[in-house]
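Q: I have a structure open and would like to talk it through with you. Could we start with a helix and then move on to the metal site?

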Amino acid sequence: MMPKLSRRGFLGCACCAPLAAGMSLGAGAIAPAHAAGKKTDLTADQALQLLKEGNRKFVADAPEQTATAQSRDPQLNHERRLEIARGQTPFTVLVSCSDSRVPPELLFGRGLGELFIVRNAGNTVDTAALGSIQYAVAELGVPLVLVLGHERCGAVDAALSVVEKNATFPGSIGQMIEPIVPAALQARSAAPANTNRDDVLDMAVRENVKRVVTRLRTASEPILLDPLKAGKLRIVGARYDLDDGSVDFFMES
Ligand SMILES: [Zn+2]
């Protein structure tokens with residue numbers, strides 16, 4: 001019989017647990033303030049503000065950004081890496097699409113150890129994603145969950161094709177886009193008959209985000225409900241514009 005894993009043991013994977021106490025990281029390492037167990041001091045409002053400011057900067061600076069400029073960024077350098085090596089203090093859980101044009105840290109101007117990212121094609125929330133979000137909120141004390149859809153999302157487009165022409169997809173792709181189909185259905189039926197397909201797709205992108213936000217807000221488990229009720233957690237939706245780089249935030253309350 002397999003030994004029963006403790007909760008700590010279960011969560012003690014290399015990717016998300018603090019390193020064992022006493023483990024040396026070499027000379028010059030570690031600011032004690034970031035040792036294991038430390039959580040972000042930011043409120044949900046402050047976290048949201050940082051993302052908005054970061055995106056504004058991204059939109060304004062993107063053309064001039066160079067590798068040299070990035071290496072000077074205090075959130076991306078050697079010291080920052082060592083500072084967070086023993087314990088992460090992310091301030092946002094970002095549920096976003098795998099799309100290569102939507103790199104979360106870049107478009108919000110963030111660096112190492114700031115965003116806890118759940119990413120899949122179509123920014124949906126399955127059991128693994130939900131558990132990851134709950135882990136970040138309950139164990140890491142993250143005050144903000146942002147669900148980010150984006151313009152011309154291929155996964156939402158595929159779901160819309162299912163609605164429009166009963167399209168099918170090979171392998172596990174069909175199953176993956178299944179949770180998006182209700183959003184595509186809603187967008188298709190809400191759009192006037194002569195609506196441009198790109199616009200219907202964009203309606204479906206936003207609807208998909210809204211549904212994920214609503215699902216997270218109304219999930220019956222107290223692990224998210226309790227901090228929501230106490231005002232310690234916000235769950236917000238957003239849509240990223242591929243053309244101009246801006247993020248439109250919605251469902252802020
Ligand atoms: Zn996408």
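This is a predicted model: local features need pLDDT of at least 70, side-chain atom pairs count only at pLDDT 80 or more; totals for chains, interfaces and linings use all residues.

Q: Okay, how many residues does H2 have, and how far does it reach?
A: Helix H2 covers residues 44–61, which is 18 residues, and it reaches 25 Å from its first C-alpha to its last, close to the 26 Å expected at 1.5 Å a residue.

Q: And which residues in H2 are buried?
A: The buried ones are Ala44, Ala47, Leu48, Leu51, Lys52, Gly54, Asn55 and Phe58. Seen down the axis of H2, these buried residues fall within an arc of 160°, so they line one face of the helix.

Q: What covers the buried residues of H2?
A: The covering elements include helix H5 (104–107) and several strands, among them S1 (92–96), S2 (115–119), S3 (144–150), S4 (234–240) and S5 (247–250). The face of H2 turned away from its buried side carries the exposed residues Arg56, Lys57 and Ala60.

Q: Switching topic: what are the protein donors of the zinc ion?
A: They are Cys97 through SG, His150 through NE2 and Cys153 through SG, lying 2.0 to 2.3 Å from the zinc ion, and along the chain the donors follow the spacing C-x52-H-x2-C. Cys97, in the loop between S1 and H5, and His150, in strand S3, are 53 residues apart, so this pair links distant parts of the chain.

Q: Are those cysteines buried or exposed?
A: Cys97 is buried, with a relative accessible area of 4%, and Cys153 also counts as buried, at 1% relative accessibility. His150 is buried as well.

Q: Last one, how many disulfides does the structure hold?
A: The structure holds zero disulfides.

Key: Residues are numbered from 1 along each chain as its sequence is written. Side-chain values use heavy atoms; hydrogens and water are left out. Helices (H or I, at least four residues) and strands (E, at least two) are DSSP runs, numbered from the N terminus. The expected span of a helix is 1.5 Å times one less than its number of residues. Buried means under 20% relative accessible area, exposed over 50%, partly exposed in between (1.4 Å probe, protein chains only). The arc is that of the directions from the helix axis to the C-beta atoms. Contact means heavy atoms within 4.5 Å. A disulfide is a pair of cysteine sulfur atoms within 2.5 Å. Donors are N, O and S atoms within 2.8 Å of the metal (3.2 Å for Na, K and Ca); water is not among the atoms, so sites may look incomplete.
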